[in-house]
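Please read it alongside the sequence and coordinates shown here.

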Amino acid sequence: MSRKNTADTDPQDPGEISGTTRRILSAADIDRALTRVAHEILESNKGPQDLVLLGIPRRGFPLAQRLADKLAAIDDFDPSTSLGQMDVTMYRDDLRRGPSRVPWPTVMPARGVDDATVVLVDDVLYSGRTIRSALDALTELGRPAVVRLAVLVDRGHRELPIRADFVGKNLPTSSREKVRVRLAEIDSPAAAELGLRGAAEATPQDRERYDEVVIEG
Amino acid sequence: MRHLLSTRDLTRDQAIEILDTADRMAEVGQQSVKKLPALRGRTVVNLFFEDSTRTRISFESAAKRLSADVINFSAKGSSVSKGESLKDTAQTLMAMDADAVVIRHGTSGAPQRLATAGWIDAAVLNAGDGKHEHPTQALLDAMTLRQHRAALAGEETTGTGLDGMHVVIVGDILHSRVARSNMWLLTTLGARVTFVAPPTLMPVGVEHWPADVVFDLDTALARDPDAVMLLRVQRERMHAAFFPSEAEYARLWGLTPERLAALDAAGATTAIMHPGPMNRGLEISSAAADSPRSTVLRQVSNGVAVRMACLYLLLTGAR
């Protein structure tokens with residue numbers, strides 16, 4: 001379940017779920033949205049030159065992987081050198097609230113980020129604070145030429161002057177509601193068995209079964 | 001976690017959380033900017049009543065990599081040598097708004113006293129107290145052991161314990177806080193610990209601890225341990241006749257070139273660990289210290305990562 005819930009602090013917090021759950025995107029919807037976003041990224045970058053995808057843990061990374069696979073299928077994009085994962089935990093502004101967070105791994109793309117067009121990938125854009133941390137974290141890794149933001153869901157309620165360049169689905173929400181993104185790589189029973197720290201390979205069947213975006217409350 | 005006083009109090013989940021965080025902290029060393037902003041504006045006081053170079057430097061660089069401000073305080077040349085009490089020293093430091101106090105003290109339990117007496121409001125990290133514990137040393141040893149096994153198996157370290165590993169700890173168990181902290185932590189993480197020492201350097205009541213006791217080093221090494229950890233012969237504590245001569249100690253309890261050759265001949269994967277500083281030619285031969293099995297330098301760099309993880313976990317999160 002996405003940590004971009006109302007509290008935006010505790011991933012384990014079940015919160016007050018008032019019962020109603022609406023499914024906003026199915027597995028096929030997510031796949032179609034990512035396909036469109038992949039084309040938009042190529043269009044805006046005028047091709048795959050110097051393109052780097054950085055997923056933000058946890059669910060931003062599987063999304064970045066899927067986008068990278070699509071980019072590789074459409075055009076000359078090499079995920080083995082241009083896909084990475086960037087943890088932003090240490091750059092958050094809420095480290096002194098809620099429980100301590102264990103950081104996730106940062107995996108730099110082999111080509112680095114210097115002079116690249118870096119596309120940050122995350123699951124839900126909400127307050128914008130995660131992206132603020134990501135921009136800080138990115139400056140420590142190098143100096144990209146351009147930084148863009150791709151998100152699966154933009155649910156509004158920004159608290160900072162940040163907007164996404166590529167959006168899978170604009171989703172007007174109330175701040176009392178919670179948006180949950182579930183992805184097979186992280187939320188399938190096989191992945192859950194690997195524990196909190198693991199991520200599983202996901203077959204198309206797994207995605208069909210476990211991928212979804214829902215609104216609770 | 002509010003303080004880090006001993007590894008005996010750590011649960012398996014807490015220990016693994018620290019080790020996983022330390023793995024991430026180690027990656028910072030590979031970034032172009034080797035600094036994280038997580039503890040900006042926080043103050044860490046290093047309060048060292050006993051001599052130490054590497055632990056203090058390790059804590060200092062850990063705090064600095066997390067952007068904390070560091071105040072070093074050593075008892076020599078301070079008001080402690082004029083007779084100031086631990087309480088007054090601590091309260092003076094608190095008046096400077098310390099967020100964490102890293103304390104090394106010659107008396108067992110001093111960090112516990114500092115943490116629980118209500119004198120101060122800061123997180124307390126034990127950096128070695130008397131013959132009691134040295135928890136960050138045990139954590140960095142566990143991190144090194146975890147890496148050793150993961151490298152051999154070609155697996156990830158994240159989330160794993162030390163289940164099924166066997167570690168032989170050799171030397172002055174009687175005076176060693178490193179041995180005690182390691183014993184508690186490694187057994188919590190699922191490893192088996194064997195102590196090897198001359199009977200004079202084995203503490204009374206060792207049979208009540210979760211460790212095997214062997215008096216012969218070759219017997220212990222023949223059991224194909226995953227690691228052998230040599231403890232420093234602490235000359236400053238050798239006030240009684242614990243063993244006849246240094247030469248005899250080196251021959252019977254030291255990791256000699258002959259014992260190293262026997263490990264190589266047996267095709268063992270045993271790692272050689274030492275908390276430092278080493279007495280070459282006494283508890284560890286130069287051949288062993290410089291062999292590819294030696295993890296001594298990795299232990300030092302893991303020490304910074306582990307201390308970053310501890311400071312980070314103690315100083316973030318809501319109180």
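In the unreviewed UniProt entry, the annotation "binding site" covers B:Arg54, B:Thr55, B:Arg104, B:His134, B:Gln137, B:Gly276 and B:Pro277. The model discussed here is predicted, and the points below take up two of the annotated residues before turning to the wider architecture.

**Annotated positions in chain B**

- B:Thr55 sits in helix α2 of chain B, which spans residues 54-65, and B:Thr55 is buried because 23 other C-beta atoms lie within 10 Å, where 20 or more are required.
- B:Pro277, by contrast, is placed in the loop between β9 (271-273) and α10 (286-289) of chain B, and B:Pro277 counts as exposed because it has 10 C-beta neighbours inside 10 Å, where the limit is 12 or fewer.

**Domains of chain B**

- Chain B is divided into domain 1, made of residues 12-134 together with 301-315, and domain 2, made of residues 135-296, and the C-alpha centres of these two domains of chain B lie 26 Å apart.
- Between them, 23 residues of domain 1 of chain B are in contact with 23 residues of domain 2 of chain B.
- On the domain 1 side of this contact, the elements of chain B that contribute two or more residues are α1 (12-28), β4 (123-129) and α11 (296-315), with the largest share, 8 residues, coming from α1(B).
- Sorted by class, that side of domain 1 of chain B has 8 nonpolar, 7 polar and 8 charged residues.

**Contact between the chains**

- Across the interface, 17 residues of chain B are in contact with 18 residues of chain A, and on the side of chain B the largest share, 5 residues, comes from α1(B).
- The side of chain B that touches chain A has 6 nonpolar, 7 polar and 4 charged residues by class.

**Parallel sheet in chain B**

- In chain B, 5 strands form an open sheet with parallel pairing in the order β7-β6-β5-β8-β9, whose edge strands, β7 (212-214) and β9 of chain B, each pair on one side only.
- Neighbouring strands of this sheet are turned by 20 degrees against each other on average, direction ignored.
- Strand β6 of chain B, residues 192-196, pairs with β7(B) in the parallel sense over 3 bridges, and B:Val196 stands opposite B:Val214 in β7(B).

**Chain A**

- The secondary structure of chain A comes to 7 helices and 8 strands, and of its 217 residues 44% count as buried.
- Among the contacts in chain A between residues at least 6 apart in sequence, 72% join residues at least 24 apart.
- An open sheet of 3 strands in chain A has the order β1-β8-β7 with antiparallel pairing; β1 (21-25) and β7 (178-182) of chain A stand at the edges with a single partner strand each, so one side of each has no neighbour in the sheet.
- In this sheet, neighbouring strands are turned by 25 degrees against each other on average, direction ignored.
- Strand β1(A) is joined by 4 bridges to the antiparallel strand β8 of chain A, residues 212-216, and the bridge partner of A:Arg22 in β8(A) is A:Ile215.

Methods. Residues are numbered from 1 along each chain as its sequence is written. Chains are lettered from A and ligands numbered from 1 in the order in which they are written. This is a predicted model: local features need pLDDT of at least 70, side-chain atom pairs count only at pLDDT 80 or more; totals for chains, interfaces and linings use all residues. Domain bounds come from an automatic or database domain assignment. Two residues are in contact if their C-beta atoms, placed from the backbone, lie within 7 Å. Ala, Val, Leu, Ile, Met, Phe, Trp, Tyr, Cys and Pro count as nonpolar, Asp, Glu, Lys and Arg as charged, and the others, Gly among them, as polar. UniProt positions are given in the numbering used here, feature names are shortened, and annotations may be inferred rather than shown by experiment. Two strands pair if DSSP finds at least two bridges between them. Axes are lines fitted to C-alpha atoms, for helices over the stretch in contact, and angles run from 0 to 180 degrees between N-to-C directions.
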